[in-house]
Amino acid sequence: MADSVIESLWDFLCGCPLLADYTMQVNFRSDDIDCAGIVEDSTEVLQTYLCGSELKAMHASLFLGSLSDDDLRRIQTSAFLDDLRRWFLNVQELPALPEYRPAQDIRMDGAVPFEYEKDGKKCTYQMSITLEYIEERNVC
């Protein structure tokens with residue numbers, strides 16, 4: 001089992017068949033075309049329960065690097081992103097988080113071009129991912 005929530009998300013994404021051709025990195029992404037990086041953006045408390053446990057949402061960005069930006073490739077990339085959204089919607093098992101942090105939900109909120117190379121021929125895409133989980137604290 002992973003030691004942190006971001007590592008659990010990394011493990012989960014490594015199991016996605018659509019991302020099988022990418023080398024997945026945490027809090028980093030190299031410029032190689034076949035690299036992806038998952039970066040934690042923020043974590044917020046959505047609800048606090050009487051026993052002290054909290055429903056939290058970790059927001060993360062998944063970066064897929066150096067996809068071509070010509071018209072044909074943009075259409076193919078859009079289809080790939082639609083498939084990835086569907087994968088998130090139909091996922092049967094949530095990420096296995098560290099002890100006392102059961103996952104509640106995961107979703108891909110959006111995908112946008114993030115960074116174009118100087119020549120404008122390649123683009124890095126950013127996908128927003130939200131992972132909701134309970135951080136259990138039994139203080140009652």
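Me: What share of the 140 residues of the protein chain counts as buried, and what makes a residue buried?
Reply: The share is 42%. Buried means under 20% relative accessible area, exposed means over 50%, and partly exposed is in between (1.4 Å probe, protein chains only). Keep in mind that this is a predicted model, where local features need pLDDT of at least 70, side-chain atom pairs count only at pLDDT 80 or more, and totals for chains, interfaces and linings use all residues. Residues are numbered from 1 along each chain as its sequence is written, and side-chain values use heavy atoms, with hydrogens and water left out.

Me: Why is C16 called buried?
Reply: C16 has 1% relative accessibility, so it counts as buried.

Me: And what about C35, buried or exposed?
Reply: Its relative accessible area is 4%, so C35 is buried too.

Me: How many disulfides does a search of the whole structure find?
Reply: It finds 0. A disulfide is a pair of cysteine sulfur atoms within 2.5 Å. For C16, the closest cysteine sulfur is in C14, 9.9 Å away, so that is too far for a bond.

Me: Where does S53 lie?
Reply: S53 is in the loop between β2 (35-48) and β3 (54-68). Strands are DSSP runs of E, at least two residues, and helices are runs of H or I, at least four, numbered from the N terminus.

Me: Why is S53 called buried?
Reply: S53 comes out at 8% relative accessibility, so it counts as buried.

Me: Which residues does S53 touch?
Reply: Leaving out residues up to four places away in sequence, S53 touches Q47, T48, I134, E135, E136 and R137. Contact means heavy atoms within 4.5 Å.
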